[in-house]
Amino acid sequence: MLSHPAKPEPGLAFAWSLVAAALGVAVVQAAMGVPVFRTHDGPFAVASLARFRAEIAASGTLPHWTFDAYAGLGAPIFMFYPPGAFTAAAALGVALPGVSEVTLIEVAGVLFRALAILSCAAWLRLHVGWAYALAGGALYALMPYVAVLNPQLRLAFAETAAAALLPLVFLAVNLGAGRVLRTMALTAPAIAGLAFVHLPSTVLAGGLAVLYALLLPARLSWAMVRGAAGTMLGVALGLGIAGAHVVPTLSMLSEISAAALKGQPSKSVEGGTYSLEPMDHFLLMPGTNTIGGLYFNLSLVPPIVAAALGARAALQGAGPARAVLGTLAVAVFLTLPISAPVWRLPLPLREVQFPWRLLLPVSLLAAALLTLALPRLGPALRRLTLAAGLAAAACAIVLAIARGEGGRAGQARTDDVLRSAHTDAPEYLPATASARGWLEHWREGPERLRSEGRSASGCPARGGPLAATRVPDGLLIDVEGCVGLTVLPQFFFPGWSASAGAPLPVHADPATGLVRVDLPAGTRNVLLQRVRLPVEQRGLHVTAVALLLWAVCIASAFGWRRARQGLRRWLLPR
């Protein structure tokens, strides 16, 4: 028997106080202004959103290539960086015309935080009443990694969006109830949504969800195997649904800067060295004893404290709490240096690159564990939980005010970003350009890139740079006076098509890594366009087949009557 029997729900005032605190943090961060230039990912996020919106406005489709990256020499950023968060922000821009990219990111951050609370509450509602479920969602949103580190100190826009979708994966596993087809059908869309938003979180969610499904049954049984199998199949099917993005991304990694992607040490913008090996980024190791590393290490403390409060009830309780505890223990283990042998294995886990990314599922699982224990912890500990949540919110608000931009206009901050030298990331530089020394030019800033681009493009007969104009179909380049081999002012990457009344063969210029064409006499303009690659077409086919399989799973696993009954049971309070 537990020392504290289950207590009645504390009422919605308890829950709404925490929800208001969590949303208050997000609102104050947006109102004061996220300090873009004091974040690691901020300039890239803002500039990429501006380019994403510009490409949509020019072409009317979701882009893979951005013509404005790398001082106008272009890059396939959106083939590799998932477009989900940018698509949401661009849609928000349609609803809020004239709003700057910085403001759109800040408003989207508030919405993502609200969705994180609701999605976590939806999962926890399966096990506790609505008051506790909403409180648990708020506790998740108040965890430092979710409330402060990602949205303000890092401005990790895609991972902030992923925080809203992660609870849906665990919700799907629970709703699957150990049935293979049902678990598969429900897990697939949650994984697909994550894959369109943030691939590292997708890798972590998939592995942890399988472990969670394995631990859910109260005793050893075939239900463990069925639940884990259904979850694994759901993860695979979800990746298939996201195949339009995942297939070209994974197939073409060798076509972009290998220095950043293969974990080789590479120089940072500041001129130091930076490794992308997972073993160099554990928590609680000497390499993380910097100011930045301190933030990550401190972000582990509240989840551990929350887990400690809920662990006893979890160990003595039923399946869900014990499953959360076991999954949380593995997630925490993987953030620590002791897990290095696991990270050295040739597993998809290595693609996560930074073990501290596990702080996102750790925050979710710790908040869930504490929430599941709250009904048995008694009024005193519930009041302590409320006080701790409100104190965390107060600290986050003070930090938002102290580190914020003082409410400075979003358009002015966006303009500052677009004029800065820190808007591009080295990993998206095409491999042909990286091999020709453009990575070094990138480190020297956009003016050096522009200078090199002007001197590299053109033809001997004309001399000087070529003038290019963005048109809906691509890039229109003035080549009047050029005959024969001519270098165009865009980096070479598979998928280029050039025409000047008739199609022209496109090659990589061996000296510069830019696009090269052979012009006939009398050519005045060249239209440079992106065409769909065979691997992109295969990705679309994979998505189509996966959606068909998912529809079959839905039809096999559910009937309308059962679906309505399940929804009614979930909505009605206990």
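Here are some questions and answers on a few loop residues and cysteines in this predicted model.

The model is predicted, so local features need pLDDT of at least 70 and side-chain atom pairs count only at pLDDT 80 or more, while totals for chains, interfaces and linings use all residues. Residues are numbered from 1 along each chain as its sequence is written, and side-chain values use heavy atoms, with hydrogens and water left out.

Q: What makes the link between Cys-459 and Cys-482 a disulfide?
A: A disulfide is a pair of cysteine sulfur atoms within 2.5 Å. Here the S to S distance is 2.0 Å, inside that cut-off. A search of the whole structure turns up one disulfide.

Q: Where do Cys-459 and Cys-482 sit in the chain?
A: Cys-459 is in the loop between helix H23 (446-456) and strand E3 (467-471), and Cys-482 is in the loop between strand E4 (474-478) and strand E5 (484-491). Helices (H or I, at least four residues) and strands (E, at least two) are DSSP runs, numbered from the N terminus.

Q: How do you know whether Cys-459 is buried or exposed?
A: Buried means under 20% relative accessible area, exposed over 50%, partly exposed in between (1.4 Å probe, protein chains only). Cys-459 comes in at 5%, so call it buried. Cys-482, at 1%, is buried too.

Q: What about Cys-120, buried or exposed? And Cys-395, buried or exposed?
A: Cys-120 has a relative accessible area of 0%, so it's buried. Cys-395 has 55%, which is over the 50% mark, so that one is exposed.

Q: Why is Ser-257 called buried?
A: Because its relative accessibility is 0%, under the 20% limit. Ser-257 sits in the loop between helix H13 (243-251) and helix H14 (258-261).

Q: Which residues does Ser-257 touch, leaving aside neighbours within four places in sequence?
A: Contact means heavy atoms within 4.5 Å. On that basis the partners of Ser-257 are Pro-426, Glu-427, Leu-429, Pro-430, Ala-431, Ser-434 and Leu-439.
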